[in-house]
Amino acid sequence: MGKGLKGLLDVDRLLHFVAVTPSLQDLHKLEVNCAAAKPISVNSLCHFYQTNVGSGRSPRFCFKTKAKLSAETNIVEKESTRVNEKIDYGVVSVHHVGVLCDNLERSLEFYQGILGLEINEERPHDKLPYRGAWLWVGSEMIHLMELPNPDPLTGRPEHGGRDRHTCIAIQDVSKLKVILDKAGIPYTLSRSGRPAIFTRDPDANALEFTQVDG
């Protein structure tokens, strides 16, 4: 075959490629979502060529557009990989929970006198612009802060498990129940039947005490 004829055949193949190649706008009609990576069914592909390529529309697809699509796909793949990476910055435990109170002495009567929590004397009290106390809860702490409370004291759920609450793990719920009964402090039990008890401090802050194995 002569070089001239071969060249004409190559041009013919190129024109055929351009004629059957869909435009970028047409590709979007197939709902090709790179982020979701949805597979294209054979039926959808056949329907696309019947309704678009066979309709005599002028194709506008070019190598520059293909390169742009390839670059965008790479960006999406990199973003997807980044999302799937494990987020690790060294979480150890909950250090403390801040609890607002209206009167520090009244709160200490509850947390110390009834619940038996001890104050962490090593935590500074005079460096903060408000009164407070740090109470040990195992190896973590509750920080009582005598500050205005933006939460309403009335209209809260009767069951503390349906309100914002701090959960403390204990070894015997039945013993705490006796303590609360003796002090006349109301409480509710877990609605799921597990060994847990819910109560509130003098400022209506909800507390949960859940029983765990020692």
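**Around strand E6: a quick tour**

Okay, let's start at a turn: E6 and E7 make a hairpin with five residues between them, and in that turn alanine 204 has a positive phi of about 70°. Just so everyone knows, this is a predicted model.

So how do E6 and E7 run, and how many bridges join them? They're antiparallel, with five bridges, and E7 covers residues 206–211.

Find leucine 189 and you'll see isoleucine 197 of E6 standing opposite. E5 and E6 form a hairpin too, with six residues between the strands, and there glycine 193 takes a positive phi near 90°.

What about E6 itself, residues 196–200? The strand is mostly covered, with five of its five residues buried. Ala196, Phe198 and Arg200 point one way, Ile197 and Thr199 point the other way, and all of them are buried.

Last stop: aspartate 163, in the loop between strand E3 (140–146) and strand E4 (165–170). Is aspartate 163 buried or exposed? It counts as buried, because its relative accessibility is 12% and the cut-off for buried is under 20%. Its side chain makes a polar contact of 3.0 Å with the side chain of arginine 156. Leaving out residues up to four places away in sequence, aspartate 163 touches Arg156, Pro157, Arg200 and Ala206.

Note on methods:
Residues numbered from 1 in each chain as written. Predicted model: local features only at pLDDT ≥ 70, side-chain atom pairs only at ≥ 80, totals over all residues. Heavy atoms only, no water. Buried < 20%, exposed > 50% of the residue type's maximum accessible area, 1.4 Å probe, protein only. Helix = DSSP H or I, 4+ residues; strand = E, 2+ residues; numbered from the N terminus. Pairing = 2+ DSSP bridges. Polar contact = N/O pair within 3.5 Å; in protein donor to acceptor, adjacent residues only side chain to side chain. Contact = heavy atoms within 4.5 Å.
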